[in-house]
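Here's a quick tour for anyone meeting this structure for the first time. Take a look at it, then read on.

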Amino acid sequence: MLEPSTPSGEASPIVEPREEILSLWRAFGELSFDSRSRALRLGQIRSVRSGDVYRPEGEIAVVLEGCLLLDSGNRGTYCGVAAAGDLIDIGGGSQGLWLTDGSLYQAPVSAFCSEAGEEGFRLLLAGGAERLKSMETRLRCAMAHGAVARVASFLLDVHRASGRSEIALSQANIGELLSLRRSSINQACQSLRAAGALRTVRGRILLKDEGVLASAACCRYRPTFPALRKR
């Protein structure tokens, strides 16, 4: 099914590598070339639409294109934002909501491990451990920072994953994801709006200034992201 580049970096003469294939190839970059080639041919790629709900199916799943907002399914348990190349399901992961159109790779866990061997199994274990570590870090962050920092951090997460300055979520949606009361989310958005970081319209958040968002976010979210266009 897949025709990735050869070890020398030359593209297959049959199919030009698409961006989604390159994302998948990079996601399993720790595997040897032969193991990666065999394992990736086991799966299938399907398209997704903005607004679709993602439910883990007990398989290996990798985001190829698009932006997926992850949630464990309980109120206030935001798990992060997945983008191209992110491994999101290893035999049971977090459910989520697609914020943009995109595509997803899925493959049976047993067949993948059979083809990828011990190194594939180690890769999946490492991916699960990394996901757990990320969730624990976000929980500590939620306990240590106020509403403004948490909202700013969330918005930067989405911008980094989607590359967009328009986020199709309302203030109420974000408040539920971050387990913030209506008064807290309203005050946080008002503060960020007054600082020039964003603009709110019905059902959407328009990001205006990355620097202001970064200065308001918690320290974990302050690396430089692609610049937002000033409005």
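In which sense do strand 3 and strand 8 pair, and over how many bridges? Strand 3 (residues 60–65) and strand 8 (residues 102–107) are antiparallel partners, joined over 5 bridges. Here, two strands pair if DSSP finds at least two bridges between them.

Keep in mind that this is a predicted model: local features need pLDDT of at least 70, side-chain atom pairs count only at pLDDT 80 or more, and totals for chains, interfaces and linings use all residues. Residues are numbered from 1 along each chain as its sequence is written, and side-chain values use heavy atoms, with hydrogens and water left out.

**The big picture**

- The chain has 7 helices and 11 strands; helices (H or I, at least four residues) and strands (E, at least two) are DSSP runs, numbered from the N terminus.
- Buried residues account for 43% of the 231 residues in the chain, where buried means under 20% relative accessible area, exposed means over 50%, and partly exposed is in between (1.4 Å probe, protein chains only).
- Take the contacts between residues at least 6 apart in sequence: 70% of them join residues at least 24 apart. A contact means heavy atoms within 4.5 Å.

- Glu20, Ile21, Ser23, Leu24 and Trp25 are buried in helix 1. The buried residues of this helix pack against helix 2 (33–40) as well as strand 1, strand 3 and strand 8.

- Another open, antiparallel sheet has 3 strands in the order 9-11-10.
- Its edge strands are strand 9 (166–167) and strand 10 (198–201), each pairing on one side only.
- Strand 9 is joined to strand 11 (residues 204–207) by 2 bridges, and glutamate 166 has leucine 206 of strand 11 as its bridge partner.
- Helix 4 (residues 147–162) packs on this sheet, touching strand 9, strand 10 and strand 11, and its direction makes about 80° with that of strand 11.

**An enclosed strand pair**

- Strand 4 (residues 68–71) and strand 5 are antiparallel partners over 4 bridges.
- Aspartate 71 stands opposite tyrosine 78 in strand 5.
- In strand 5 (residues 78–82), 5 of the 5 residues are buried, so this strand is largely enclosed by the rest of the structure.

- Helix 6 (residues 182–194) has 13 residues and reaches 18 Å from its first C-alpha to its last, close to the 18 Å expected at 1.5 Å a residue. That expected span is 1.5 Å times one less than the number of residues.
- Ile185, Ala188, Cys189 and Leu192 are buried in helix 6. These residues cover an arc of only 95° around the axis, which puts them on the same side of helix 6; the arc is that of the directions from the helix axis to the C-beta atoms.
- Gln187 and Ala194, on the other side of helix 6, are exposed.
- The partners that the buried residues of helix 6 pack against are helix 4, helix 5 (171–177), strand 10 and helix 7 (210–216).
- Just after helix 6, glycine 196 takes a positive phi of about 90°.

**Two residues to look up**

- Threonine 100 is in the loop between strand 7 (95–98) and strand 8, and counts as buried because its relative accessibility is 6%.
- The side chain of threonine 100 reaches the backbone nitrogen of cysteine 67 at 2.9 Å.
- Serine 47, in strand 1, counts as exposed because its relative accessibility is 64%.
- Leaving out residues up to four places away in sequence, serine 47 touches Gly102 and Ser103.

Technical notes. Axes are lines fitted to C-alpha atoms, for helices over the stretch in contact, and angles run from 0 to 180 degrees between N-to-C directions. A polar contact is a pair of N or O atoms within 3.5 Å; within protein, one must be able to donate a hydrogen and the other to accept it, and residues adjacent in sequence count only if both atoms are side-chain atoms.
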